[in-house]
Amino acid sequence: MTNQPNQPNRHNQPYDPYGQQPQAWPGQGYQQGYEDPHAAQQYTQQWQGQTWETQNHRAVSAQAPDPETAILTPQSPQSPQSPQSPRSPRTPQGPEAPAATDADASATGYGPATVGGNARVTDAQRARAEGRSPIIEPGMQPAALTALLGLLLAGAAAVGTYALLVPLVILQAVTAAGWFRLNGMWPARQGIALGFAGALAADAALLVSGRSPSAILGTIGVWVLLALVLQLRSHADPDERMYGLMATVAASALAIVAGGYLAAAADAVTVGAVAVAVAVPARALPLPTPASVVVSLLAAAGAGIAMGSVTDLGTSGALLGAGAAVCALIGHRVASYDYPSRFVHFTAGVALPLAAAAPAVYVLGRALA
């Protein structure tokens, strides 16, 4: 059989498992019938899989650590994403990383950094995770302000109704602002203004109606409807509207209920306000919680007896003082919840004990008169 001189030798061809035409491997001297090597590269079929071109590229291997990449973990050369830019941000993974992150966490108050990001952890969440109580008492300074405001209420009640309006309006304004700040809603100017306006409307209704308690209940009902209408017109998310509605209704109700001092008898206001002024600082003493509660109630009862002897209540002032102190301690506890800020302590921590004691002062004053 006659050999064909132009047919290439099959034994010198690279193996093609897909039955394709012979192809030129980079770096080899084989060419498929072309004299110009550049012309051969023009018609060379390109591989779709991963190839290893030894002439134009270097194999990626673990490099020696330098000052900028010393904390990187060596990557495998088979991974297509192993090469990293030395200027790209990285998270420390070396043995020194835990000490650095713990130091940063203690300095900033946040948890250690993670690759996927770290959500902010509040002090209350950290306290629960560590098995501690998420309660911080307001302390002696807010308690002193509460005592001062209580004494102002007691003295103004002894002077007259219109004199009582001055410290009462201050109490109602601080109550509305403190409740919104206690719920983490700040600034909430519209809600605070609405709650304070409800308190002023209740005071006016009390004066017009001859200090009838029905004015307080009627004002609360009207303001609940008004807050509902305003929230329905809001364009916020449904969850936010519901949260804002509850906060607005609660702030308005507390500020309006504080007007109970205006509806109560003057002697009851004097005894109850003095009892709260004594009970809250006694609760702030550095004692265990059960002991401080007992001391606070005993001090309030003693103050009630002392002020009852001055007024017409007599010894029944002890019961009025103890009842007002119980409600004041409940308000004090609410103002201490969930690690509030210092501003919360000087608003809700000051006003809530007195505002919560107003219904007890009115009811017990009417019952014991």
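Of the 369 residues in the chain, 34% are buried. The model is predicted. Its accessible surface comes to about 22100 Å², and carbon and sulfur atoms account for 60% of that area. The secondary structure consists of 14 helices and 0 strands, so that the order of elements from the N terminus reads α-α-α-α-α-α-α-α-α-α-α-α-α-α. Among contacts between residues at least 6 apart in sequence, 67% join residues at least 24 apart.

The UniProt record, an unreviewed entry, carries the annotation "transmembrane region" for residues 143-170, 190-208, 215-233, 253-280, 287-307, 313-331 and 343-364.

Helix 10 comprises residues 266-283. From its first C-alpha to its last, this helix of 18 residues reaches 26 Å, close to the 26 Å expected at 1.5 Å a residue. Helix 10 is mostly covered, with 15 of its 18 residues buried.

The structure holds 1 salt bridge. It is formed by Glu137 and Arg283, whose closest N and O atoms are 3.1 Å apart. Glu137 belongs to the loop between helix 3 (123-129) and helix 4, whereas Arg283 belongs to helix 10, so the pair ties together parts that are 146 residues apart in sequence. The two partners also fall into separate accessibility classes. Glu137 has a relative accessible area of 28% and is therefore partly exposed. Arg283 has a relative accessible area of 8% and is therefore buried, the cut-off being under 20%.

A nonpolar patch on the surface is formed by Met140, Leu285, Leu287 and Val295. Together these residues present about 300 Å² of accessible area. Met140 lies in helix 4, which covers residues 140-159. Because its relative accessibility is 39%, Met140 counts as partly exposed.

Definitions and conventions:
Residues are numbered from 1 along each chain as its sequence is written. This is a predicted model: local features need pLDDT of at least 70, side-chain atom pairs count only at pLDDT 80 or more; totals for chains, interfaces and linings use all residues. Side-chain values use heavy atoms; hydrogens and water are left out. Patches are made of residues with over 30% relative accessible area and no salt bridge: like charges are joined within 9 Å, nonpolar side chains (Val, Leu, Ile, Met, Phe, Trp, Tyr) within 5 Å. Accessible areas come from the Shrake-Rupley method with a 1.4 Å probe; for residues, only the protein chains shown count as cover. A salt bridge is a side-chain nitrogen of Lys or Arg within 4 Å of a carboxyl oxygen of Asp or Glu. Helices (H or I, at least four residues) and strands (E, at least two) are DSSP runs, numbered from the N terminus. Buried means under 20% relative accessible area, exposed over 50%, partly exposed in between (1.4 Å probe, protein chains only). UniProt positions are given in the numbering used here, feature names are shortened, and annotations may be inferred rather than shown by experiment. The expected span of a helix is 1.5 Å times one less than its number of residues. Contact means heavy atoms within 4.5 Å.
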